[in-house]
Amino acid sequence: MIPAAAREDTILAHSDTPTPLESRACGPLAGKVRVPGDKSISHRALILGALSVGETRISGLLEGEDVLNTAKSMRALGARVERTAPFTWSVAGVGVGGFAQPAAPLDFGNSGTGCRLVMGAVAGCPIAAIFDGDASLRSRPMRRILDPLELMGARTSDIGEGGRLPLTLHGARYPVPIVYKTPVASAQIKSAVLLAGLSAPGITTVIEQEASRDHTELMLKHFGAEISSENEGSHGRRISLNGEPELHGAGVVVPADPSSASFPIVAALIVEGSDVVFSDVMTNPLRTGLFTTLREMGASIEESGVRGDAGEPMAQLRVRASKLKGVEVPPERAPSMIDEYLVLAVAAAFAEGTTIMRGLQELRVKESDRLEATADMLRVNGVKVEVSGDDLIVEGRGHVPGGGLVATHMDHRIAMSALVMGCASDRPVKVDDTAFIATSFPDFIPMMRALGADFA
Ligand SMILES: O=C(O)C1=C[C@@H](OP(=O)(O)O)[C@@H](O)[C@H](O)C1
Ligand SMILES: C=C(OP(=O)(O)O)C(=O)O
């Protein structure tokens with residue numbers, strides 16, 4: 001038997017040379033699958049486990065590169081993190097405020113969530129840590145996280161141009177609780193402030209104009225923190241956390257990731273005759289904007305067997321190929337489907353009529369400028385598309401000519417969206433590099449092939 005650590009190294013390995021792939025029109029997709037564990041919940045389970053006293057047992061953890069980098073960072077900060085069986089991990093934490101000074105820089109690879117949440121957790125400990133990542137992560141804004149953390153008493157030095165990585169974060173010796181209004185709807189900003197607030201005496205409050213995913217709040221409660229959330233305005237939330245709790249290790253069952261499921265779901269909708277069942281898909285309403293939109297477009301997505309664990313609902317989804325029509329997606333839906341616009345744009349290209357997606361400014365600061373990259377992906381495959389300010393307008397003609405080579409820009413979701421498009425386009429669609437798919441959905445290619453996709 002291979003020891004757990006060696007197996008983990010095998011998972012971590014990925015090629016430095018680009019691996020292109022072509023996707024060709026295929027016959028009906030069929031089968032029943034469980035996509036990997038939710039990425040957001042996997043990061044949080046490791047971080048909260050590391051900040052707790054006692055053991056946290058996680059089942060269904062996403063073993064993608066982003067999450068594995070978070071696991072490594074938790075070890076570097078003093079927690080014991082072990083893979084005990086496939087997708088099953090055990091964390092023995094150090095308690096709130098108990099992180100040790102890491103001996104080497106923390107490398108988060110491609111992962112904004114891992115980097116930014118750990119910044120919050122480190123900001124509440126009297127240690128210094130160097131944060132770094134790959135070229136994509138080094139290009140993403142960090143000021144949005146550092147601003148509130150500095151108000152709480154943390155400090156930065158050796159910081160990259162424009163507040164970017166690499167940087168050194170010096171945690172606060174005496175963290176101060178704050179009331180913070182997030183400048184944009186971002187669960188990463190909210191979570192960083194709440195994680196720093198764990199070490200602050202008194203109440204840390206985050207106010208968001210538009211509610212972002214609430215996994216941090218739900219999981220903090222599950223681990224024993226006193227935290228409350230009330231509505232703020234028409235779409236917002238006001239979240240208050242009582243500082244200095246004793247967090248206790250807890251069991252976490254990670255549901256299947258709806259953002260990962262969105263790729264085979266759209267593939268099943270656009271490939272004629274398809275019928276695919278997805279089990280255990282998380283259906284937290286702050287994550288299901290894509291399903292709402294697809295249903296408005298005419299998609300057949302049947303939900304059954306709704307159940308929940310630690311406040312996170314999940315269900316089985318049966319998806320059948322459907323005739324889609326263009327729709328207008330309102331800007332206030334953006335936080336609940338922020339990572340899904342790329343694959344929605346693919347569905348929109350196969351629909352009849354125009355789809356207008358409004359208020360997508362946040363797409364510009366993801367792994368790539370996803371607004372431009374999505375438009376380019378469609379354009380090189382013969383789809384009429386326009387970026388107008390922060391809106392994306394796709395003219396659906398019921399079919400996609402294809403034949404293009406898509407630049408993935410170190411962005412897993414561009415790669416997967418383009419491969420989905422090729423499943424039903426007139427000519428094949430090629431992507432320049434599939435390596436980054438391993439950050440969030442390592443089994444995407446074999447799972448799609450097993451359903452009937454023609455990738456070569
Ligand atoms: O908190 C999280 O787990 C995430 C929040 C979102 O980012 P923002 O907080 O920047 O919107 C999302 O795009 C990302 O994939 C995961
Ligand atoms: C934006 C994403 O992730 P992150 O911000 O963690 O890099 C994503 O997975 O689409």
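This report walks through the pockets, cavities and some of the sheets in a predicted model.

## Ground rules

Since you'll want the bookkeeping: residues are numbered from 1 along each chain as its sequence is written, while chains are lettered from A and ligands numbered from 1 in the order in which they are written. In this predicted model local features need pLDDT of at least 70, side-chain atom pairs count only at pLDDT 80 or more, and totals for chains, interfaces and linings use all residues, with side-chain values taken over heavy atoms and hydrogens and water left out.

## The largest pocket

Let's start with open space. The largest pocket holds about 600 Å³. Everything here runs on a 1 Å grid over the protein atoms alone: a pocket is an open set of points with protein on both sides within 12 Å along at least five of seven lines, a cavity is a set where a 1.4 Å probe fits but cannot get out, and lining residues have an atom within 4 Å of a point. Points are joined across faces, edges and corners, and a volume is the space filled by probe spheres set on them.

The lining of the largest pocket counts 39 residues, and A185, S186, I338, E362 and K366 lie nearest the centre. Two or more residues each come from α2 (39-50), α4 (112-123), α7 (187-197) and α13 (412-422). Helices (H or I, at least four residues) and strands (E, at least two) are DSSP runs, numbered from the N terminus. By class, the lining splits into nine nonpolar, 13 polar and 17 charged residues. For those classes, Ala, Val, Leu, Ile, Met, Phe, Trp, Tyr, Cys and Pro are nonpolar, Asp, Glu, Lys and Arg are charged, and the others, Gly among them, are polar. Domain 1 (10-38 + 255-455) and domain 2 (39-253) each supply at least three residues to this lining; the domain bounds come from an automatic or database domain assignment.

Searching the whole structure turns up two cavities of 30 Å³ or more. The largest cavity has about 80 Å³ of space, and its lining is made of I41, H215, L218, M219, H222, V252, V253, P255, D309, A310 and E312. Both α8 and β14 (251-253) give two or more residues to that lining, with α8 giving the most, four residues. Seven of the lining residues are nonpolar, two polar and two charged. Because domain 1 and domain 2 both give residues to the lining, the largest cavity lies between them.

The second largest cavity has about 30 Å³ of space, lined by R44, I47, L48, L195 and T216. Here α2 has the largest share, with three residues.

## Helix α8

Helix α8 spans residues 215-222, and its buried residues are H215, T216, E217, M219 and L220 (buried means under 20% relative accessible area, exposed over 50%, partly exposed in between, with a 1.4 Å probe and protein chains only). After the helix comes G224, with a positive phi near 105°.

One open sheet has four strands in the order β10-β11-β13-β12, with mixed pairing. Its edge strands are β10 (179-181) and β12 (227-232), each with a single partner, so one side of each has no neighbour in the sheet. The twist averages 15° from one strand to the next; axes are lines fitted to C-alpha atoms, for helices over the stretch in contact, and angles run from 0 to 180 degrees between N-to-C directions. β10 runs parallel to β11 (residues 203-208), joined by three bridges, and V179 sits opposite T205. Strands count as paired if DSSP finds at least two bridges between them.

The other open sheet also has four strands and mixed pairing, in the order β4-β5-β3-β14. Here β4 (80-85) and β14 are at the edges with a single partner strand each, so one side of each is left without a neighbour in the sheet. Direction ignored, neighbouring strands are turned by 20° against each other on average. Five bridges hold β4 and β5 (residues 88-92) in an antiparallel pair, where R80 faces A92.

## Strand β1

In β1 (residues 21-24), L21 and S23 make up the covered face, and E22 and R24 the uncovered one.

β1 pairs antiparallel with β23 (residues 429-431) over three bridges, with V431 as the bridge partner of L21. β1 is also antiparallel to β24 (residues 454-455), over two bridges, and there S23 stands opposite F455.
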